[in-house]
Each structure stands twice: as C-alpha cells, then as structure tokens.
Amino acid sequence: MYKKILVATDGSKIAEKGIIAGAKLAKGLNAELFIVTVTSAIPSYTIDIQPEYAGTASAFEDTNADIAKEAKNILEQGCAIAKQYYDNVKAIHAENPIAAQGIIDSANEYGAEIIIIASHGRTGLTRMLLGSQAQEILNLSQLPVLVVK
C-alpha cells in the first residue's frame, strides 16, 4: 500500500498522536517514515524594519539559528517518539512561511504517498482565529491525508 509516509509535527502534545499513528502504520506496512517540521526564517530585510532585530549586526542570523535549533529539538523528540514503535524514521526540517505548504512540498520532495497530521479539532471562532493547518493540507494536497485527533 504505502511505502513512504510523512508525518507533520510542531512539537505539541497533540502532534505526538500523529507521530504515534504514523509510526504504527509505517511498521505495519514496512514503510519509510518521514517526520517533518516547518519553520519560517526571518528575512534579513526585517532588521531595517523591526527594531527588535536591530540590536546587533548578527541579530537576524542569531534568530534564525535559534529557529533552526528549536526545529532540531522538535525533530529529535518526534523521532524518539516514533522509534518507540518503528525504526525506519527520517527527520525533515523544511523552511516555508506557510506551514501547510511546507508540509506538502516536503511530502512531494521525498515521495511520500500519504500525509499524517494531528488536529486539535477546533471549531467556530477559535478555528477562524487560529486557523487549521490540517484543513489547509486537506484543501491543498493532492495526496491522501490522514487526520488524527
């Protein structure tokens, strides 16, 4: 069935459910499991615009290094969770200002055949204010999407 499965994580507790579901599915299918987290780098031109980044000449590089470090931590935790259930796990750090698009682009780049994402299940005003990456992926992806609650 599926030979390559991609699971998205933001490091949250709810995302762990998606990782576990993905690892169990990958194990049952003997598939490769990719865990992706998406970050958005801060462009250098924001230093000129936003005073909080103007403290030092390297402020923007430092901020982006912090973002990359956090992504690494999220991926290490995600892989550790997945490896409790299955060993064939690879980490992907994608950079994209739109998380859903970064997830879809990663799935396409690595040849994933299904995307798994956890959802908070928000509705109404909360969903409108906070958005839904799961819904965005459902709307944009050409691949099957498994939403875990």
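**Labels and their cut-offs**

Modeller: Of the 149 residues in the chain, 39% are buried, where buried means under 20% relative accessible area, exposed over 50% and partly exposed in between, with a 1.4 Å probe and protein chains only. This is a predicted model, in which local features need pLDDT of at least 70 and side-chain atom pairs count only at pLDDT 80 or more, whereas totals for chains, interfaces and linings use all residues. Residues are numbered from 1 along each chain as its sequence is written, and side-chain values use heavy atoms, with hydrogens and water left out.

Biologist: How many helices and strands are there in the chain, and what pattern does the chain follow along the sequence?

Modeller: The chain has six helices and five strands, these being DSSP runs numbered from the N terminus (H or I with at least four residues for helices, E with at least two for strands). Along the sequence they follow β-α-β-α-α-β-α-β-α-α-β.

Biologist: Why is asparagine 30 called exposed, and what makes its phi worth noting?

Modeller: Asparagine 30 has 61% relative accessibility and therefore counts as exposed, since the cut-off for that label is over 50%. Its phi is near 55°, which is a positive value in a residue other than glycine, and asparagine 30 is found in the loop between helix 1 and strand 2.

Biologist: How do you know that the reach of helix 1 is close to what is expected?

Modeller: Helix 1, residues 13–29, has 17 residues and reaches 25 Å from its first C-alpha to its last, against the 24 Å expected at 1.5 Å a residue, the expected span being 1.5 Å times one less than the number of residues. Helix 3, with 24 residues, reaches 35 Å and is likewise close to its expected 34 Å.

Biologist: Which residues of helix 1 are buried, and what covers them?

Modeller: The buried residues of helix 1 are Ile14, Ala15, Gly18, Ile19, Gly22, Ala23 and Ala26. Their cover includes strand 1 (4–8), strand 2 (32–39), helix 3 (59–82), strand 4 (114–118) and strand 5 (145–148), with contact meaning heavy atoms within 4.5 Å.

Biologist: What makes helix 1 oblique to helix 3?

Modeller: Their axes are 9 Å apart and the helices pack at an angle of about 45°, axes being lines fitted to C-alpha atoms, for helices over the stretch in contact, and angles running from 0 to 180 degrees between N-to-C directions. That makes helix 1 oblique to helix 3, because under 35 degrees counts as roughly parallel, over 145 as roughly antiparallel, 65 to 115 as roughly perpendicular and the rest as oblique. In this contact, Glu16, Ile19, Ile20 and Ala23 in helix 1 meet Gly78, Ile81 and Ala82 in helix 3.

Biologist: Why are helix 4 and helix 6 described as oblique to each other?

Modeller: The axes of helix 4 (residues 99–109) and helix 6 (residues 133–140) come within 9 Å and cross at roughly 50°, and the two helices are therefore oblique to each other. Ala99, Ala100, Gln101, Ile103 and Ile104 in helix 4 meet Gln133, Glu136, Ile137 and Leu140 in helix 6.
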